[in-house]
Amino acid sequence: MLTIRQDLIDAIVAHARADHPDEACGVIAGPDGSDSPTRFIPMVNAARSPTFYEFDSMDLLKLYREMDDNDEVPVVVYHSHTATEAYPSRTDVSYASEPQAHYVLVSTRETGTEDGPYEFRSYRIVDGVITEEEIKVV
Amino acid sequence: MAIEVRIPTILRNYTDGAKIVEGSGATLAEVLADLETRYTGIHERIVDEAGLRRFVNVYLNDEDVRFLDGINTAVSDGDVVTVLPAVAGG
């Protein structure tokens with residue numbers, strides 16, 4: 001189960017809408033061992049694409065160093081789908097490399113950059129296996 | 001020559017959980033080959049026939065080795081090599 005604050009959900013959705021129709025991506029870091037996402041870190045999608053996302057390689061190094069210095073881990077790794085449902089694609093599964101992370105998918109296909117309903121779902125992706133999990137808002 | 005190698009979470013099952021290991025060699029390729037002698041299986045998670053795997057980033061100190069000489073990048077005593085899987089998807 002992913003336990004997450006409403007303001008962090010809102011921040012992810014706002015980022016996804018701002019970057020629509022390109023995919024948006026980022027991390028919510030949290031203290032190592034806490035499983036609690038606390039620090040919202042939107043990342044640039046270096047691919048700037050509606051069908052692919054990738055953290056820029058230098059941004060990635062900076063991010064992991066920062067988290068290391070703070071004893072943080074990427075509790076949530078999020079990205080948006082802009083034309084399809086909020087479910088991990090085959091590409092998402094093949095790249096998934098944080099077995100401890102909650103992979104959050106948000107879909108902006110219904111409303112694009114506008115306010116309105118959105119899909120927000122969370123998964124574990126371990127050894128190529130996708131498991132959807134409940135989201136508890138606190 | 002001692003090179004510090006920082007191992008990402010997903011590869012720590014090869015290093016008994018160690019976050020940082022030491023390797024030796026004059027190039028990145030030699031360091032990775034040296035790691036394989038103690039941490040069997042780690043090499044092919046980072047390297048394939050074509051060189052460094054597309055979805056693995058390797059840094060020498062503050063630089064992505066793709067912008068240096070890739071797997072043939074020269075390393076020297078005291079350098080830090082960081083391995084990080086790409087965060088990417090579709």
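This is a predicted model: local features need pLDDT of at least 70, side-chain atom pairs count only at pLDDT 80 or more; totals for chains, interfaces and linings use all residues.
View 1. Because B:Arg38 and B:Asp34 are four residues apart in helix α1 (residues 28-38) of chain B, about one helical turn separates them. The two partners are placed on either side of the limit for burial, which is set at under 20% relative accessible area: B:Asp34 is buried, with a value of 17%, whereas B:Arg38, at 41% relative accessibility, counts as partly exposed.

**View 2. A salt bridge within chain A.** A:Arg124 and A:Glu133 form a salt bridge in which the closest N and O atoms are 3.6 Å apart. With a relative accessible area of 23%, A:Arg124 is partly exposed, while A:Glu133 counts as buried at 12% relative accessibility. Over all chains, a search of the whole structure finds 16 salt bridges.

**View 3. An open sheet of five strands in chain B.** The strands of this sheet follow the order β2-β1-β7-β5-β6, and their pairing is mixed. At the edges stand β2 (20-23) and β6 of chain B, each with a single partner strand, so one side of each is left without a neighbour in the sheet. Strands β5(B) and β6(B) run antiparallel and are joined by two bridges; B:Asp64, in β6(B), is the bridge partner of B:Tyr59.

**View 4. Helix α1 of chain A.** This helix covers residues 6-19, a run of 14 residues, and it reaches 20 Å from its first C-alpha to its last, which is close to the 20 Å expected at 1.5 Å a residue. Buried residues in α1(A) include A:Leu8, A:Ile9, A:Ile12 and A:Val13, and also A:His15, A:Ala16 and A:Arg17.

**View 5. The largest pocket.** The largest pocket has a volume of about 630 Å³, and its lining is made up of 30 residues, of which A:Asp68, A:Glu72, A:Val73, B:Thr9 and B:Arg12 lie nearest the centre. Two or more residues of the lining come from each of α2 (57-69) and β5 (72-81) of chain A, together with β1 (3-6) and β7 (80-85) of chain B. The largest share, six residues, is given by α2(A). Sorted by class, the lining has 13 nonpolar, five polar and 12 charged residues.

**View 6. The second largest pocket.** About 220 Å³ of space lies in this pocket, which is lined by 13 residues, with A:Ser97, B:Ile10, B:Arg45, B:Phe55 and B:Val56 lying nearest its centre. By class, the lining of the second largest pocket has nine nonpolar, two polar and two charged residues.

Terms used. Residues are numbered from 1 along each chain as its sequence is written. Chains are lettered from A and ligands numbered from 1 in the order in which they are written. Side-chain values use heavy atoms; hydrogens and water are left out. On a 1 Å grid over the protein atoms alone, a cavity is a set of points where a 1.4 Å probe fits but cannot get out, and a pocket is an open set with protein on both sides within 12 Å along at least five of seven lines; lining residues have an atom within 4 Å of a point. Grid points are joined across faces, edges and corners, and a volume is the space filled by probe spheres set on the points. Ala, Val, Leu, Ile, Met, Phe, Trp, Tyr, Cys and Pro count as nonpolar, Asp, Glu, Lys and Arg as charged, and the others, Gly among them, as polar. The expected span of a helix is 1.5 Å times one less than its number of residues. Buried means under 20% relative accessible area, exposed over 50%, partly exposed in between (1.4 Å probe, protein chains only). A salt bridge is a side-chain nitrogen of Lys or Arg within 4 Å of a carboxyl oxygen of Asp or Glu. Two strands pair if DSSP finds at least two bridges between them.
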